[in-house]
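Opened a new page for this one.

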Amino acid sequence: MVVINIRENPGYKEKAISYFQSKWASEESKMVYEDCISRSIVTASPLPNWYLLLDNDKIIGCAGLIANDFISWEDAWPWLCALHIEEEYRGNSLGEVLIEYIKKDTAKLGFDKLYLCTDHIDYYEKYGFSYAGTGYHPWGESSRVYECSVRSKAINEILLYEELSMNAHPAIRTQMYDGWVLRFANGYTNRANSINPLYLSTIPLEEKVVFCEELYTAQGLPTVYKLTLDSPQSLDKILGEKNYKKVTPTNIMTKPLAAIDGFTSKTTICQGITKTWQDNYFRLNGIVDSQKMKTAAIIQSNIQNKVLCGMIEENGKIVACGLCVIERGYAGLYDIVVDSSYRGNGYGFDVCSSLLNTAVDLGAKTAYLQVIAENVPAIALYQKLGFEDKYQYWYRVNS
């Protein structure tokens, strides 16, 4: 099941008009839906937005997000309207799918609350709405008005950790494009050379995909998207249909921080990235290409927040290292690597624990990290440290 916004997918305009008219319009009001849906595609205003729920390409539901639903509460907006699920699909919580998607868009638009008017009782309450009062329609009838807070903690946290990770691994060049963050770093890592659709988008997605492909191709780079559950569902669908390969599912893991009492560490911690740390980071990761080394050094020098570096030395040789970036009370672990000949000796645990202990001393309250979902040994280490899954991101890469 996929929810699409007609504003972002204007190719569905005629189907959307016909569907909404068939479910909600009389002969006299058909032009209301035709005109409103058509205008939503070209307007610079954030409202209205019209949505379809698709099962493959079959339309099985719809809803709208509008400034006012013909109701006297002119001081309250926006409004959820025209929610419909095909009868044979009911009983599968698909109404909730549309509602939650629209809540997310409402929050992205900067609103704190979402409203609706209805005569139903005990339906919308299941999805976070509460009765707020009575509203009156121009035709002389009244309706119950419900409101719901849309500031979802989960969605806000995804945005938070995505921003933290971009700041901890900054691109060399960044371009903003209609709510998308376009990052460029000479092709070194997908993270620093990807499109991040983090904020409200108004331009049709197909148009944006073409623009991004042209921009990255002109720089000799593959077009790469970094996507999360907060990204538009229809964008992932469009990219899949264009043969963008889904690669590198990665888990964001977090834990509350507290000092580890009685911990004896072999790790040497320093503030800021030193040449010794950087040289050993390259060696332990097998990075020998001079251009990659130069780009990585620029990326690391562009970190604007507090940086901790950790290293363990055995027999005159650095055998493990790691990096911690602290921002807004969050400590991010990056670049944890142990010499292959010394693995299984607890050095990864030591480096992580030492970095986090020092981060606590510097005021950090929460730790986070990113780990490829297939990296079972690393996940086991981080779980031993107390980390738990928060959410997952993945890449779509054009082939």
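My notes follow, one topic per entry.

**Entry 1: overall picture.** First reminder to myself: this is a predicted model. I looked up the secondary structure and got ten helices and 18 strands. The C-alpha trace spans about 85 × 50 × 35 Å along its principal axes. Of the 399 residues, 52% count as buried. I also checked how far apart in sequence the contacts reach: among those between residues at least 6 apart, 68% join residues at least 24 apart. The chain exposes about 18,600 Å², with carbon and sulfur atoms supplying 49% of that area.

**Entry 2: the cores.** Next I asked which residues touch the most other members of the largest nonpolar core. They are Trp 277, Tyr 281, Cys 321, Leu 323 and Val 325, out of 33 residues in that core. Elements giving two or more residues to this core include α7 (275-285), β14 (306-314) and β15 (317-327). Helix α4 gives the largest share, five residues. There is a second, separate core of 28 residues, and Val 319, Val 351, Val 371 and Leu 385 are among them. In general, nonpolar side chains in soluble globular proteins tend to be buried together.

I then listed what Cys 321 touches, skipping residues up to four places away in sequence: among them are Trp 277, Tyr 281, Met 311, Ile 336 and Val 351.

**Entry 3: cysteines.** Cys 324 is buried, at 0% relative accessible area. Cys 212 is buried as well, with a relative accessible area of 0%.

Entry 4: Thr 295 sits in helix α8 (residues 290-301) and counts as buried at 2% relative accessibility. Leaving aside neighbours within four places in sequence, Thr 295 contacts Ile 172, Ala 185, Asn 186 and Tyr 188.

Ser 353 is in helix α9 (residues 347-361) and is buried at 1% relative accessibility. Beyond its sequence neighbours up to four places away, Ser 353 touches Ile 260, Phe 263 and Leu 385. Ser 353 and Leu 385 are 32 residues apart in sequence, yet their C-alphas are 7.7 Å apart.

**Entry 5: salt bridges.** I searched the whole structure and found 19 salt bridges. Glu 162 and Lys 226 make one of them, at 2.7 Å from N to O. This pair links distant parts of the chain, with Glu 162 in helix α4 and Lys 226 in strand β11 (residues 224-228), 64 residues apart. Is this pair buried or exposed? Glu 162 is buried at 1%, and Lys 226 is buried at 4% relative accessibility.

Lys 275 and Asp 279 also pair, at 2.8 Å. Both lie in helix α7, four residues apart, about one turn of the helix. Here Lys 275 counts as exposed at 60% relative accessibility, while Asp 279 is partly exposed at 35%.

Lys 237 and Glu 241 form a salt bridge too, with the closest N and O atoms 2.8 Å apart, and both are in helix α6 (residues 233-241). Asp 57 joins Lys 237 and Glu 241 in a network of salt bridges.

**Entry 6: surface.** Trp 139 is in the loop between β6 (130-136) and β7 (142-149).

Technical notes
Residues numbered from 1 in each chain as written. Predicted model: local features only at pLDDT ≥ 70, side-chain atom pairs only at ≥ 80, totals over all residues. Heavy atoms only, no water. Buried < 20%, exposed > 50% of the residue type's maximum accessible area, 1.4 Å probe, protein only. Contact = heavy atoms within 4.5 Å. Core = buried A, V, L, I, M, F, W, Y, C linked by side-chain atoms within 4.5 Å. Areas by Shrake-Rupley, 256 points an atom, 1.4 Å probe, with all protein chains shown as cover. Salt bridge = Lys/Arg side-chain N within 4 Å of Asp/Glu carboxyl O.
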